[in-house]
Amino acid sequence: MTTDPNDRFTPAELADLDSRAVQLVAIAHGEGSAGDVARLTANLDRQQLIGLAISCAAMVDPDKSVAELLAWMNADDPRQGWTDEELRRAHARYTRGVRDEHTVQGERIYQRISKRRQRTAPSTGLEVVA
């Protein structure tokens, strides 16, 4: 199997996958949720998912170390001056559909903290391995 996506996709399909890759990176950096990833990838078949992975990988600077690439995940507290209560209120407003700048910023921070907690939560040993 070739890893050259040009062998399988039209220029329009490649442009779509590249656009989705940019969106996926934004989601991974706190501008969305797992539901956003599900919606972004819902209609993609296996070959398109592979193309999406290649598009994402192509965005990585090969001259950076793994530690440098993942440094954004190890940043200090992302609260940016927000209290836990303020973040919970922003999340509740966002859930109700409020999309003003303050609420959206609070939701992004809330989601970033939630994802960090999920990544660092102790394993229960019950995870399914594919």
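Reply: The answers below cover confidence, helix packing and a salt bridge.

Me: What is the mean pLDDT of the chain?

Reply: This is a predicted model, in which local features need pLDDT of at least 70, side-chain atom pairs count only at pLDDT 80 or more, and totals for chains, interfaces and linings use all residues. Residues are numbered from 1 along each chain as its sequence is written, and side-chain values use heavy atoms, with hydrogens and water left out. The mean pLDDT (the predictor's confidence in each residue, from 0 to 100) of the chain is 82, and 80% of its residues reach 70 or more.

Me: Which elements have the lowest and the highest mean pLDDT?

Reply: Helix α4 (residues 66–69) has the lowest, 77, and helix α3 (residues 46–58) the highest, 94. Helices here are DSSP runs of H or I with at least four residues, numbered from the N terminus.

Me: At what angle do α5 and α6 cross?

Reply: The axes of α5 (residues 84–95) and α6 (residues 101–120) cross at roughly 110° and come within 8 Å. That makes α5 roughly perpendicular to α6; the term covers 65 to 115 degrees, with under 35 counted as roughly parallel, over 145 as roughly antiparallel and the rest as oblique. Axes are lines fitted to C-alpha atoms, for helices over the stretch in contact, and angles run from 0 to 180 degrees between N-to-C directions.

Me: Which residues make that contact?

Reply: Contact means heavy atoms within 4.5 Å. Among them are Leu 87, His 91 and Tyr 94 of α5 and Val 104, Ile 109 and Ile 113 of α6. The contact of α5 with α6 divides into seven nonpolar, five polar and three charged residues. Here Ala, Val, Leu, Ile, Met, Phe, Trp, Tyr, Cys and Pro count as nonpolar, Asp, Glu, Lys and Arg as charged, and the others, Gly among them, as polar.

Me: And how does α1 pack on α6?

Reply: Their axes are 9 Å apart, at an angle of about 85°, which makes α1 roughly perpendicular to α6. Ile 27, His 29, Gly 30 and Glu 31 of α1 meet Arg 108, Arg 112 and Lys 115 of α6. By class, there are one nonpolar, two polar and four charged residues.

Me: What about α1 and α2, parallel or antiparallel?

Reply: The axes of α1 and α2 (residues 34–41) cross at roughly 170° and come within 10 Å, so α1 and α2 are roughly antiparallel.

Me: Changing topic, how many salt bridges are there?

Reply: The count is four, taking a side-chain nitrogen of Lys or Arg within 4 Å of a carboxyl oxygen of Asp or Glu. One of them joins Asp 16 to Arg 20, with the closest N and O atoms 2.8 Å apart. Both residues lie in α1 (residues 11–31), four residues apart, about one turn of the helix.

Technical notes:
Helix = DSSP H or I, 4+ residues; strand = E, 2+ residues; numbered from the N terminus.
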